[in-house]
Amino acid sequence: MFETISASIVQTRFTSREVMSLTGITLRQLQWWDERRIVVPAREGHRRLYSTEDLAEVAVICELRRRGFSLQRVRKVMRFLQREFTKRLSETVTGSSDYHLLTDGRTLSLETSARQIVDILKNSRQPMLAICLSDTVRRVRADIRHAEKKASASASRPARRKAS
């Protein structure tokens, strides 16, 4: 169901502009998150270079922010995920699993079983928010593949000359 990044995906580092185009985040938000150590990219001089793992985390954070999470709450969620996974998000999410983050605003739960999710939702006394982390990581990987195919297709086309 979920594939790991294949060898065909050659690009492993992304500039801030590429991250912006893949996730919809602004350059200023990326800078601010770096300054606050929420997502810390590698540096090459003054350039920020994001790994595929960084990109997956940015996408999850963007999804949380779209759902109304404050940055303070996002930090708590990311710390929770780091504790639960003990490795990077994109390394954890594999073809054999779907990870769902559930919260009622106070508690966080990470579930992989549809039955557990249904039980939590049925027994909850408050509205619950569920986010499929696997879908978010899949979307990033698909966007990367799409962007690379588009780039390789445009690079293989001969350049057109303007008629004078």
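Predicted model: local features only at pLDDT ≥ 70, side-chain atom pairs only at ≥ 80, totals over all residues.
Residues are numbered from 1 along each chain as its sequence is written, and side-chain values use heavy atoms, without hydrogens and water.

Visitor: What makes S1 and S3 paired strands?

Guide: Strands pair if DSSP finds at least two bridges between them, a strand being a DSSP E run of at least two residues and a helix an H or I run of at least four, each numbered from the N terminus. Three bridges join S1 to S3 (residues 47-51), and the two run antiparallel; therefore they pair. Leucine 49 in S3 is the bridge partner of threonine 15.

Visitor: Why do S1 and S2 count as edge strands?

Guide: The open sheet has the order S1-S3-S2. S1 (13-15) and S2 (42-44) each have a single partner strand, so one side of each lacks a neighbour in the sheet.

Visitor: Which strands does helix H3 touch?

Guide: Helix H3 (residues 52-66) packs on the sheet and touches S1 and S3, contact meaning heavy atoms within 4.5 Å.

Visitor: What makes a set of residues a nonpolar core?

Guide: Its members are buried Ala, Val, Leu, Ile, Met, Phe, Trp, Tyr and Cys residues joined through side-chain atoms within 4.5 Å; buried means under 20% relative accessible area (1.4 Å probe, protein chains only). The largest such core here has 35 residues, and Val58 is among those with the most contacts inside it. H3 supplies the largest share, eight residues.

Methods. Axes fitted to C-alpha atoms, helices over the stretch in contact; angles between N-to-C directions. Buried < 20%, exposed > 50% of the residue type's maximum accessible area, 1.4 Å probe, protein only.
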